[in-house]
Amino acid sequence: MDIERLIAEREREFPVVEHKTFLAHAAVAALPRVAVEAMSEYCLRGAEDSQENPWTWQELQRTREASARLLGCDADEVAMLGPTSLGLNLVAAGLPWRDGDEVVY
């Protein structure tokens, strides 16, 4: 890939880089422009209609399908959850823990 194109895309998607060094780390961080636009549309639609409307469900399904392509699975195998900790807890609760098992992080 062309490094100049990647830098330009990063600057377009993460406006924060105009005034800060941005290093993504999968925790609390600056939002990419595409996320801000999607959230803004959701909020505007939620202000004009109920938050659970056909558009919301269509977008959720499109997101599940895109995620499935990325992960190499079927969309019905993708669950969309709120906080990361909820997903981790659901996975942990589904493991066959035994006395003496430990989690190392």
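**Note on salt bridges, pockets and cysteines**

1. A search of the whole structure finds three salt bridges, a salt bridge being a side-chain nitrogen of Lys or Arg within 4 Å of a carboxyl oxygen of Asp or Glu. This is a predicted model, in which local features need pLDDT of at least 70 and side-chain atom pairs count only at pLDDT 80 or more, while totals for chains, interfaces and linings use all residues. Residues are numbered from 1 along each chain as its sequence is written, and side-chain values use heavy atoms, with hydrogens and water left out.

2. Helices here are DSSP runs of H or I with at least four residues, strands are runs of E with at least two, and both are numbered from the N terminus. Glu 9 is partly exposed at 33% relative accessibility, and Arg 5 is partly exposed at 41%. On this scale, buried means under 20% relative accessible area, exposed means over 50%, and partly exposed lies in between (1.4 Å probe, protein chains only).

3. In helix H2, Glu 41 and Arg 45 are four residues apart, about one turn of the helix. Their side chains meet in a salt bridge of 2.9 Å, N to O. Glu 41 has a relative accessible area of 35% and is partly exposed; Arg 45, at 31%, also counts as partly exposed.

4. Helix H3 holds Glu 59 and Arg 62, three residues apart, about one turn of the helix. A salt bridge links the two side chains at 3.1 Å, N to O. Glu 59 is partly exposed, with a relative accessible area of 25%, whereas Arg 62 counts as exposed at 53%.

5. The largest pocket has a volume of about 320 Å³. The search uses a 1 Å grid over the protein atoms alone: a cavity is a set of points where a 1.4 Å probe fits but cannot get out, a pocket is an open set with protein on both sides within 12 Å along at least five of seven lines, and lining residues have an atom within 4 Å of a point. Grid points are joined across faces, edges and corners, and a volume is the space filled by probe spheres set on the points.

6. Among the residues lining the largest pocket are Glu 41, Glu 59 and Arg 62, together with Tyr 42, Trp 55 and Met 80. Helices H2 (33–48) and H3 (54–71) each supply at least two residues of this lining, and H3 gives the largest share, six residues. By class, the lining has five nonpolar, two polar and four charged residues. Ala, Val, Leu, Ile, Met, Phe, Trp, Tyr, Cys and Pro count as nonpolar, Asp, Glu, Lys and Arg as charged, and the others, Gly among them, as polar.

7. The second largest pocket has a volume of about 170 Å³. Met 39, Met 80, Leu 81 and Gly 82 line this pocket. Three of its lining residues are nonpolar, one is polar and none is charged.

8. The structure holds zero disulfides, a disulfide being a pair of cysteine sulfur atoms within 2.5 Å. Cys 43 is exposed, with a relative accessible area of 52%, and Cys 73 is partly exposed at 26%.
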